[in-house]
Every structure is written in C-alpha cells, then in structure tokens.
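Welcome! Take a moment to look over the sequence and the 3D picture, and keep both at hand as you read this short briefing.

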Amino acid sequence: MKKLVVSVWLIFLLVIVGGLFWYNELIYQLPTPIPKDYKPVYRGQRINISGSIQNESKRPVFFHFFNPDCPCSRFNIASFKSLVKQYGSQIHFVVVVINKYPYTTRQIQDKFDLNVPVIFDQSLAKACGVYSTPQAALLNSNHELYYRGNYNRSRYCADESTNYAKMAIEGLLNAKSSMVFNKLALTAYGCQLATCNK
C-alpha cells in the first residue's frame with residue numbers, strides 16, 4: 001500500500017511539473033495580444049527620435065526593446081550581442097528598457113556585457129509600433145522605419161534561417177527597399193508591455 005501511495009504521489013508531481021512546463025512553453029508561442037488602443041506604424045514612416053539618442057554619425061538606428069523580467073527577452077540576449085558585434089560599426093544599436101521597475105544603465109549593460117547606449121524612454125515603443133518584448137525596430141539613416149518585428153521564429157533565437165533581425169539589417173545595408181518579411185517576422189510574440197507577464 002505504501003508503494004502505491006508513493007507511486008501515485010510521484011505521478012501526480014510529474015503531471016504538475018509537465019503541465020507547468022507545457023503552459024510556460026505554450027504561452028510564449030502564441031502571438032502577443034494586440035492592445036485595444038494600438039495604432040500601427042508602417043514601414044517607411046518617419047519616427048521622431050530627437051532627444052532620445054545621440055546619433056551624430058547618421059548611421060541607421062537599431063532599437064532593441066528589452067524587458068529584464070521577460071523570459072523571452074532574456075533568451076534573446078545572445079542573439080542581440082551577436083548582431084552588435086557583427087554590425088556595430090555600421091548600425092547605431094540602442095537598448096530601450098521597458099519595465100515598471102527602475103534599472104540603471106550600468107545594470108542593463110552588465111546583463112548584455114556590452115557598452116551600448118541604454119535608454120528608458122517608453123514612448124519609443126508606441127512611436128515604433130512595439131507592444132511586446134523582445135522586439136527590434138530598425139530605422140534607416142533618415143529615421144524611417146525599415147523593420148519592426150521579431151528576432152527569430154524560435155523562442156531561443158537558434159534558427160539561423162529565420163534570423164529576421166539580421167535579414168533586416170543586411171537588407172537595409174544592401175539597399176533592398178523592396179524586402180518583404182513574412183507573418184512570423186511581423187507578428188509580435190513575447191511579453192506584453194503593460195503587464196510584462198504574458
């Protein structure tokens with residue numbers, strides 16, 4: 001009888017752990033709900049970033065929308081770092097922190113182990129049409145939106161064939177104005193900005 005109770009208890013715990021794992025995986029594979037007051041920002045639309053960043057070199061600007069408390073944002077750190085290392089001399093990379101808790105610039109730079117500009121201007125998310133993290137917004141040198149979307153189809157940014165952010169950078173640098181991105185690139189996945197837990 002004792003073995004039966006232990007076995008039932010272990011099976012129960014296994015089902016609970018499996019259910020939690022499944023729920024946490026599933027929730028981040030579903031598109032982020034679009035906010036009711038969302039106003040889309042279209043490709044080619046000029047984004048007003050004056051006062052937000054220093055970009056005297058007139059390089060294109062890459063905004064990385066980041067929430068330190070979002071699991072998807074944390075999985076994305078290595079992918080962002082590799083983009084900065086590969087294209088940092090051609091693109092002005094900026095981390096935009098979207099979080100309800102105070103962080104310092106140094107804390108965010110330490111998370112990335114990079115010395116990139118960090119800003120806390122949450123109005124940039126609305127200006128770029130971003131409503132979840134992690135998201136990328138790439139502006140050309142005239143501050144017109146070239147790409148706003150996901151980094152990758154894979155939650156862990158491991159699928160090189162769907163490295164959308166890298167494709168966007170290469171398209172912009174190679175002057176491919178007619179580059180088309182698929183629905184998986186442009187449909188937001190990850191954590192909602194308002195609650196940071198969905």
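Why does Arg-106 count as partly exposed? Arg-106 has a relative accessibility of 49%, so it counts as partly exposed (between the limits for buried, under 20% relative accessible area, and exposed, over 50%, with a 1.4 Å probe and protein chains only). This is a predicted model: local features need pLDDT of at least 70, side-chain atom pairs count only at pLDDT 80 or more, and totals for chains, interfaces and linings use all residues. Residues are numbered from 1 along each chain as its sequence is written, and side-chain values use heavy atoms, leaving out hydrogens and water.

**Around Arg-106**
- You can find Arg-106 in helix 4, residues 105–112 (helices are DSSP runs of H or I with at least four residues, strands are runs of E with at least two, and both are numbered from the N terminus).
- Twelve residues separate Arg-106 from Val-118 in sequence, and their C-alpha atoms are 8.6 Å apart in space.

- Strand 5 (residues 135–139) is largely enclosed by the rest of the structure, because five of its five residues are buried.
- Gln-135, Ala-137 and Leu-139 point one way from strand 5, while Ala-136 and Leu-138 point the other way.

**Partners of strand 5**
- Strand 1 (residues 61–66) pairs with strand 5 in the antiparallel sense over five bridges (pairing needs at least two DSSP bridges between two strands).
- Within strand 5, Ala-137 is the bridge partner of Phe-63.
- Strand 6 (residues 145–149) runs antiparallel to strand 5, joined by four bridges, and its Tyr-147 stands opposite Leu-138.
- Strand 5 and strand 6 form a hairpin with five residues between them, and His-143 in the turn has a positive phi of about 65°.
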